[in-house]
Amino acid sequence: MNAYQECQTSGNQWPPLVSPMLLEESRSASEHKFPPILDCRRAPQGGTIFDDLEKRMVRYAAEYRAVLQEIQRHFMMPVDSSVTAFLTDNRAIPSMLLEAIPHLKTYFGADAVFSLRVSIDGPGSHILYAVVKWPGKVCDVRSALQRFDHEWWLRRAGQAAGFLTFTYELV
Amino acid sequence: MAELVRIPNSFVELVIAYSRPDIRAFNDRAIMVQSVFDALSAWSPKLDDIEPLSTGKLSEQGFNFKLPLKQVSFFFGPASCRFTRDNADWGMAEETLAILDAGLSAFVEVSHISFGLRTAGIGVHLQPSDCPFMKILAPFVPPQLASLEMEPVKTMAVVVRWGKRKITLDGSAVLANAAFLKFEREFEGTDSLEDITRQLRLDEEQLFRILGVEEAEA
């Protein structure tokens, strides 16, 4: 949270740096999920469905970058790219995290510090943990988490399909 | 004991004012762009990363040149030029200087512009992992102001300016639980890039000591 209105960045928007191997893995995964369309069908207006694709891709990439930046403003991220990669692979999660922010602040306090980390579950699937760093008593944070779960999170947890968990860490 | 912090976001910038604005030199930008492009060939520049700027005030026009893989940007205008590099650490200082020198030398050779004052600065977002960022900033909150309210101070900012030096300390607007520090200095046209780098490094060490922070090993 800043107090002084001055630009705190260089002003450049760099695309996330992804290693060629990661890019290849991501492409293979998406090709597996979505086989290539071979027939290049025509859209009703006469253009192909790929018209403006590049422009749209650039726009989506910019929007996604903005969402990631907003997440970084509220959650501490690890040094490595594990969380960014997870969020890129699970595009429904970033918006859920942003939606959760005001509720997290309501239940855990406006000054509470939150972080994100990715863990590998038993069968190899990844889970994102949104962790509140709690300097107080364990009973207080448990009670806050219980209220957060019952009053807000449990009704939405299905949308995360088990990929997102809210928890706490005593500091 | 110093508080360990991570620096997930940082930038270095150098703004060079010309001895006098030179509009004529920008009449034929293509030669300039080609020259800088060739000079930076070692860092694989791409044609589409050059952006001509022909709107706005005359001082804002010129061209932007980016090296995305190095997170480097150059702006060359008729009154000043600006160099930035994001997320560079001191281990990359030599490479940063090489890119900067290559770009600036090529520009000067073609434009014959002479450089005047240089303002160099570094901005760092300091993210402690084990304490709230306000623990770093709290010693700089004037007690007379802090005591005005019963509740703890949420954030604060300090800007200190001398004739040729400026320090900004603030909460981060970019990262969760982080403080923002920017330190800038003005250098004469005669100071070398190495002198500037050395001075900025000393400034950083001095300020980190004052803030009571130390960068955690990655």
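Reply: Happy to. Let's start with a term: a cavity is a set of grid points where a 1.4 Å probe fits but cannot get out. In this predicted model, the largest cavity holds about 40 Å³ of space.

Me: How many cavities of 30 Å³ or more does the count give?

Reply: One cavity passes that rule.

Me: What makes a residue part of the lining of the largest cavity, and which residues are they?

Reply: A lining residue has an atom within 4 Å of a point. The residues lining the largest cavity are A:L104, A:F108, A:F114, A:A130, A:V131, A:V132, A:L145, A:F148, A:F166 and A:T167. The elements of chain A that give two or more residues to this lining are α4 (93–108), β3 (126–134), α5 (138–153) and β4 (164–170). Strand β3(A) gives the most, with three residues.

Me: What is the lining of the largest cavity like by class?

Reply: It has nine nonpolar residues, one polar residue and no charged ones.

Me: Now the second largest pocket. Why is it called a pocket and not a cavity?

Reply: A pocket is an open set of points with protein on both sides, whereas from a cavity the probe cannot get out, so the name "pocket" tells you that the space is open. The volume of the second largest pocket is about 540 Å³. Its lining has 25 residues, and those nearest its centre are A:M1, A:A110, A:D111, B:F133 and B:K154. From chain A, α2 (53–74) and β2 (113–120) are the elements that give two or more residues to this lining. By class, the lining of the second largest pocket counts 17 nonpolar, four polar and four charged residues.

Me: How do you know that B:K154 and A:D111 form a salt bridge?

Reply: The cut-off is 4 Å between a side-chain nitrogen of Lys or Arg and a carboxyl oxygen of Asp or Glu. For B:K154 and A:D111 the N to O distance is 3.3 Å, so by the definition the pair counts as a salt bridge.

Me: What about A:E99 and A:R156: what makes them a salt bridge, and which parts do they tie together?

Reply: Their closest N and O atoms are 3.5 Å apart, and the cut-off is 4 Å, so they qualify. A:E99 is in helix α4 of chain A and A:R156 is in the loop between α5 and β4 of chain A, so the pair ties together parts 57 residues apart in sequence.

Me: How many residues are in contact between chain B and chain A?

Reply: 34 residues of chain B are in contact with 25 residues of chain A. The two chains bury about 2,600 Å² between them, with 55% of it on carbon and sulfur atoms.

Me: And where is confidence lowest and highest in chain A?

Reply: Confidence is lowest in helix α1 (residues 20–33) of chain A, at a mean of 50, and highest in strand β1 (residues 75–76) of chain A, at 96. The mean pLDDT of chain A is 81, and 78% of its residues reach 70 or more. Chain B averages 92, with 100% of the residues scoring at least 70. For the complex, the predictor gives an ipTM of 0.71 and a pTM of 0.82.

Notes
Residues numbered from 1 in each chain as written. Chains lettered and ligands numbered in written order. Predicted model: local features only at pLDDT ≥ 70, side-chain atom pairs only at ≥ 80, totals over all residues. Heavy atoms only, no water. 1 Å grid on protein atoms, 1.4 Å probe; cavity = no way out; pocket = protein on both sides within 12 Å on 5 of 7 lines; lining within 4 Å. Points joined across faces, edges and corners; volume = space filled by probe spheres on them. Helix = DSSP H or I, 4+ residues; strand = E, 2+ residues; numbered from the N terminus. Nonpolar A, V, L, I, M, F, W, Y, C, P; charged D, E, K, R; others polar. pLDDT = per-residue confidence, 0-100. Contact = heavy atoms within 4.5 Å. Buried area = accessible area lost by both parts, 1.4 Å probe.
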